[in-house]
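Please read the following account with the sequence and the three-dimensional structure side by side, taking each region in turn.

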Amino acid sequence: MATAPIEPPQRLVSSLSSDPESPVRQWLTALPTLVQQRLEAWELTLERVHAPGGRSSLLALVRQQDGTPAALKFPVPGRVSAHEGAALAVWDGWGAVRLLRSDDTSGALLLERLQGGVSLRSLPEAKALLEAAGTVRRLWVQPGPGHPFETLAARTEEAAEGLRTAGALTPAAGPLVEQALELRRSLPDGSDEQFLLHGAFRQGKVLAGERAPWLAVGPAPVVGERAYDLAALVLDRFEDLLAGSGAAAARRRVAKLADSLEVDRDRLRDWTLYRAVDTGVREVAVGDRQRGEQLLEFAAWL
């Protein structure tokens, strides 16, 4: 059992609201106590808190009572993270990290231990894309009746106002923003696919494991069409395409991924444009102008 005080990583602390009265900030203050309570309740031995860690969760490396290594995760509370455990339970280790235990009160997830320092981004681009495509394909399953997951239409509708607001800070991107908003309105109605999607899929979310070579982590689950998930993969390491043959390479990537996973090319292109513009204007809004403008340039190529 751990007895030393548990300190959340600075990256997590600095990424959350500075308002001491906000619910997320209150959660952060209570986090050391929440971790200690789960360690005791589940009879876990703390090895260390993973650092620098991410901006949306605390991850602690632990051992179970029988000595088996595991990872104890506390996602930042919120609508998107609320059903991470439910999605992992549906997949039950198929293409994704296996959920061992969960606690609804604290939001804690006990997960099988993966190699956190080895993601698909460590592979050459072509090999990484191949492995990523094979991994995400396994996640696309029916969510089952009475599932708790939000729909793609609902998620993107809620994001539309943020896209419009952030787009106002980049006037030159006005036509692209309007195109993206129109795609957001029309795309969800154009497909009857109802698959459980990862929702935040990218190469960095696929880690090396012992039970399987590569397993997905950190879903923001949503139900909808597969092209939405695949669009994020098109955008992965897009900087490599910017430095290469440009628009032609971007379109080839769309076509190759669409054909390999039997997804409609045009719909994948449209979802990719939407996600590139949405991410691009938000990056500009938070101060990363260079990356934001590069994403917008990539969107214009499509």
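Predicted model: local features only at pLDDT ≥ 70, side-chain atom pairs only at ≥ 80, totals over all residues.

**Salt bridges, a sheet and a pocket**

The side chain of Arg 211 meets that of Glu 112 in a salt bridge, with N and O 2.5 Å apart, and the pair joins distant parts of the chain, because Glu 112 belongs to strand 5 (residues 109–112) while Arg 211 sits in the loop between strand 8 and strand 9, 99 residues apart. Glu 112, for its part, counts as buried, because its relative accessibility is 15%.

The structure holds 21 salt bridges, and another of them connects the side chains of Arg 267 and Glu 225, again at 2.5 Å from N to O. Here Arg 267 lies in helix 10 (residues 265–285) and Glu 225 in the loop between strand 10 (222–224) and helix 7, 42 residues apart; both residues are buried. Asp 270 forms a salt bridge with Arg 269, their closest N and O atoms being 2.5 Å apart; Asp 270 counts as buried at 16% relative accessibility, whereas Arg 269, at 25%, counts as partly exposed. Glu 47, Arg 63 and Arg 113 are linked in a network of salt bridges.

The loop that carries Arg 211 lies between strand 8 and strand 9, and these two strands pair in the antiparallel sense over three bridges, with Val 206 standing opposite Ala 216 in strand 9. They belong to an open, antiparallel sheet of three strands in the order 6-8-9. Strand 6 (115–119) and strand 9 (214–216) stand at the edges with a single partner strand each, so one side of each has no neighbour in the sheet. From one strand to the next, the twist averages 55 degrees.

Helix 7 (residues 226–235) is mostly covered, with 10 of its 10 residues buried, including Arg 226 and Asp 229 as well as Leu 230 and Val 234. Arg 237, which follows the helix, has a positive phi near 55 degrees.

Finally, the second largest pocket contains about 310 Å³ of space. It is lined by 15 residues, of which Ala 126, Leu 129, Arg 253, Lys 256 and Leu 257 are the closest to its centre. Helix 4 (125–139) and helix 9 (247–260) each supply at least two lining residues, and helix 4 gives the most, with seven. By type, the lining divides into eight nonpolar, two polar and five charged residues.

Note on methods:
Residues numbered from 1 in each chain as written. Heavy atoms only, no water. 1 Å grid on protein atoms, 1.4 Å probe; cavity = no way out; pocket = protein on both sides within 12 Å on 5 of 7 lines; lining within 4 Å. Points joined across faces, edges and corners; volume = space filled by probe spheres on them. Helix = DSSP H or I, 4+ residues; strand = E, 2+ residues; numbered from the N terminus. Nonpolar A, V, L, I, M, F, W, Y, C, P; charged D, E, K, R; others polar. Buried < 20%, exposed > 50% of the residue type's maximum accessible area, 1.4 Å probe, protein only. Pairing = 2+ DSSP bridges. Axes fitted to C-alpha atoms, helices over the stretch in contact; angles between N-to-C directions. Salt bridge = Lys/Arg side-chain N within 4 Å of Asp/Glu carboxyl O.
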